[in-house]
Amino acid sequence: METVRRVNDAVNSFAWGSFGLVLLLGTGLICTVITGGFQLTHLVHWVKKTILSYKGEGRIINDAGALSQYRAFCMALSSTIGTGNIAGVSTAICVGGPGAVFWMWIAAILGMMTKYSETVLGIYYRRRNSEGAWSGGPMYYLEDGLGSIKNCKKLGRILGILFCIFTVLASFGIGNLSQINKITLNTQATFLHDIDMGEFLGKPTINWWIGIVLMLIGAVIIMGGFRRLAYVSETLMPVASLVYVLGCLIIILFNVTEIPAVFASIFKFALGQDALKGGVAGTAVQVAMNTIKSGCKRGVFSNEAGLGSSVMAHVNTCAREPVKQGMWGIAEVFFDTIIICTITAVVVLTSGYIDLKTGLTKEETNDATLVANAFGKILGRPGEIFVVIIIVLFAFTTVMGWSYYGAKVVEYLIGVTWAKVYRIIFICLMVFGAVMESSLAWDISDTFNGLMMIPNLIGVLVLSPLIVKLTHNYVDRRIRGKDITPMLSYNSDIQAEAMKAVKKGAY
């Protein structure tokens with residue numbers, strides 16, 4: 001086991017270390033440059049077509065086998081917003097200081113275009129499966145996009161298969177066992193700590209029961225197919241997010257006088273300046289790199305830009321325009337990191353547990369419970385319970401989202417029937433997540449989570465010229481009013497079908 005741990009640590013350091021972060025941020029930077037900074041130069045346009053259209057155009061369904069743009073967005077957001085938006089942010093600040101928040105913003109701004117590019121490619125290369133539903137994701141644009149380049153057919157197929165293998169393994173760990181374990185531990189510690197039901201197979205019986213209840217709830221949702229999953233996501237995700245934001249705003253209002261100092265400290269420590277003095281942490285350069293790495297890494301952990309996972313949810317959209325749903329990808333990162341993570345950071349930095357003058361975490365501060373402590377400091381026990389409930393909801397929606405991603409990659413590898421078998425296995429594993437304790441299993445699945453991005457980003461980078469063409473095609477037609485042929489799909493049949501919808505105004 002020690003050998004396995006060492007090997008995993010080495011691979012994890014490669015996937016989530018400097019190489020992985022440079023690959024992620026570099027891809028985001030390249031996608032930003034080649035599209036002319038689309039997320040910034042067309043800010044008003046994508047906000048109008050996404051956030052401001054959720055009750056209008058975003059709700060329209062004009063494809064019997066698809067979801068509305070907004071519902072597909074909520075389905076993607078359900079797995080993106082998770083415990084990383086709460087505990088992950090506090091960890092970034094405790095490790096990298098207030099300046100980590102600045103680098104989280106940078107990662108998000110670049111990540112917007114990575115997510116946009118993934119989604120655009122996902123829509124362009126999607127296809128219908130044997131049940132008439134849309135299927136798409138990195139495996140398809142690796143096989144049909146990268147694979148269409150001369151001498152790259154086998155490479156595209158191999159990278160697509162690798163992506164699927166890494167995804168299905170990550171779905172069992174990061175997407176299921178670890179999330180269910182967090183739900184169980186938080187629920188047991190907060191609400192059921194006085195109940196002693198003995199043990200079963202060496203584990204607390206109460207944990208088994210929590211696992212069984214979660215499994216039954218999960219089975220009802222997951223076995224109902226992507227439509228039921230999308231409905232639950234659309235219903236639960238906006239409500240949970242809004243309630244959390246409002247709760248954070250209440251806490252911030254109690255500490256409103258600290259806000260100027262908070263933002264001053266974020267920018268002051270953004271490059272790890274000499275305020276972290278004392279020499280204990282090393283040189284100013286080392287401190288700066290620690291700050292940058294902490295902020296960027298947690299930002300990526302939170303919004304999943306570059307992993308290619310949420311593309312599999314976005315491709316269910318009824319939108320025929322790749323760029324149209326790509327803009328919802330931008331909105332996804334904006335909502336997850338710029339809004340949710342930022343407001344969490346402000347709660348943490350106004351709590352008094354972080355010294356804004358030195359940027360250091362005060363003694364006996366636990367990053368895992370820092371947000372709950374900040375709420376408890378103002379609202380007492382109810383505030384701590386509120387945070388636990390939100391964490392449970394976010395973690396559960398993450399499980400639901402990953403159950404879909406795992407099923408789609410299994411469908412790609414061995415067919416629709418086996419995807420149904422995968423769902424059953426995924427549901428059964430939820431019980432074991434409630435009683436397991438092995439951190440190594442979580443670490444290994446985290447490594448597979450990181451490995452997903454490597455084949456995905458290779459595809460995005462190689463297909464970047466196509467991303468430019470699709471973006472310019474959309475901008476020329478929809479913004480500049482030019483009369484040119486839309487680029488909607490790599491497949492001539494799907495292109496023809498989409499063109500008919502466009503002519504009818506249903507694009």
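Guide: The buried residues of helix H21 pack against helix H2 (18-34), helix H3 (38-41), helix H4 (43-49), H7, helix H15 (322-349) and H20; contact means heavy atoms within 4.5 Å. The model is predicted: local features need pLDDT of at least 70, side-chain atom pairs count only at pLDDT 80 or more, and totals for chains, interfaces and linings use all residues. Residues are numbered from 1 along each chain as its sequence is written, and side-chain values use heavy atoms, with hydrogens and water left out. Helices (H or I, at least four residues) are DSSP runs, numbered from the N terminus.

Among the buried residues of H21 are Leu466, Val468, Leu470, Tyr474 and Arg477, where buried means under 20% relative accessible area (1.4 Å probe, protein chains only). The 16 residues of H21 (residues 464-479) should span 22 Å at 1.5 Å a residue, and the end C-alpha atoms are 21 Å apart, which agrees; the expected span is 1.5 Å times one less than the number of residues. After H21 comes Gly481, with a positive phi near 75 degrees.

The axes of H20 and H21, lines fitted to C-alpha atoms over the stretch in contact, with angles from 0 to 180 degrees between N-to-C directions, come within 4 Å and cross at roughly 60 degrees.

Conventions
Helix = DSSP H or I, 4+ residues; strand = E, 2+ residues; numbered from the N terminus. Buried < 20%, exposed > 50% of the residue type's maximum accessible area, 1.4 Å probe, protein only.
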